[in-house]
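Student: I would like to go through this model with you and ask, term by term, what each description rests on.

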Amino acid sequence: MCKIGILAIGLDLYQSAFEHFQNVVLILLQQHHQQRDDHNQPSIQRSDLMDLAAHFLALLTLVQAFRGRVNRQATGRIVFPVLAVKAAFEFDKVDGSFGSISGVKGILALIKSVLFVIITAKLAIGKDKSYVAHDEWFPKNGKHVTTC
């Protein structure tokens with residue numbers, strides 16, 4: 001994984017983490033503005049907070065890998081489960097209508113998620129314990145032969 005790959009995965013995780021954070025904040029605001037005797041108000045689930053925490057941990061790991069402080073294998077082992085769950089949700093969202101723009105966007109998002117899962121799975125399972133070099137922006141650009 002090179003720095004461009006880390007940035008691409010990081011932007012993808014940041015976008016989904018922001019969506020989780022936005023949902024949590026909206027639920028908190030709705031709870032604050034509604035009266036207490038209303039039984040139909042939404043509540044924050046533990047899974048929402050756990051998803052947010054997992055995204056935060058994966059983003060912190062990617063930042064440290066970008067700086068060259070966490071090796072590739074550890075980065076893969078931390079980021080892979082988060083991306084696998086995210087890809088499963090992307091797969092669930094695809095409705096199968098290839099003619100509409102939203103269907104095409106969903107399929108492209110699914111392909112992107114599957115590619116990121118494959119890359120991080122290769123890092124998690126592999127034995128590459130090297131660190132990202134300072135000048136390793138692209139694959140095969142530096143001292144290490146990497147996959148991005």
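Student: What makes helix 1 and helix 3 count as being in contact, and which residues meet?

Tutor: Contact means heavy atoms within 4.5 Å, and by that rule Ile9, Asp12, Leu13 and Ser16 in helix 1 meet Val79, Val82, Leu83 and Lys86 in helix 3. By class, this contact has 5 nonpolar, 1 polar and 2 charged residues, where Ala, Val, Leu, Ile, Met, Phe, Trp, Tyr, Cys and Pro count as nonpolar, Asp, Glu, Lys and Arg as charged, and the others, Gly among them, as polar. The model is predicted, so local features need pLDDT of at least 70 and side-chain atom pairs count only at pLDDT 80 or more, whereas totals for chains, interfaces and linings use all residues. Residues are numbered from 1 along each chain as its sequence is written, and side-chain values use heavy atoms, with hydrogens and water left out.

Student: Why are helix 1 and helix 3 called oblique to each other?

Tutor: Helix 1 (residues 3-33) and helix 3 (residues 72-93) pack at an angle of about 60°, with their axes 12 Å apart. Angles under 35 degrees count as roughly parallel, over 145 as roughly antiparallel, 65 to 115 as roughly perpendicular and the rest as oblique; helix 1 and helix 3 are therefore oblique to each other.

Student: What makes helix 1 roughly antiparallel to helix 2?

Tutor: Helix 1 and helix 2 pack at an angle of about 155°, with their axes 9 Å apart, and that makes helix 1 roughly antiparallel to helix 2. Their contact divides into 15 nonpolar, 4 polar and 3 charged residues.

Student: How are helix 2 and helix 3 packed, and which residues make the contact?

Tutor: Helix 2 and helix 3 pack at an angle of about 145°, with their axes 9 Å apart. On the helix 2 side the contact is made by Ala54, His55, Leu57, Ala58, Thr61, Leu62 and Ala65, and on the helix 3 side by Thr75, Ile78, Val79 and Val82. These residues divide into 8 nonpolar, 3 polar and no charged.

Student: What is the volume of the largest pocket, and which residues are closest to its centre?

Tutor: The largest pocket has a volume of about 410 Å³, and of the 18 residues that line this pocket, the closest to its centre are Ser16, Glu19, His20, Lys86 and Lys93. Helix 1, helix 2 (46-66), helix 3 and helix 4 (101-125) each supply at least two residues of the lining, and the largest share, 7 residues, comes from helix 3. By class, the lining of the largest pocket divides into 6 nonpolar, 5 polar and 7 charged residues.

Methods:
Axes fitted to C-alpha atoms, helices over the stretch in contact; angles between N-to-C directions. Helix = DSSP H or I, 4+ residues; strand = E, 2+ residues; numbered from the N terminus. 1 Å grid on protein atoms, 1.4 Å probe; cavity = no way out; pocket = protein on both sides within 12 Å on 5 of 7 lines; lining within 4 Å. Points joined across faces, edges and corners; volume = space filled by probe spheres on them.
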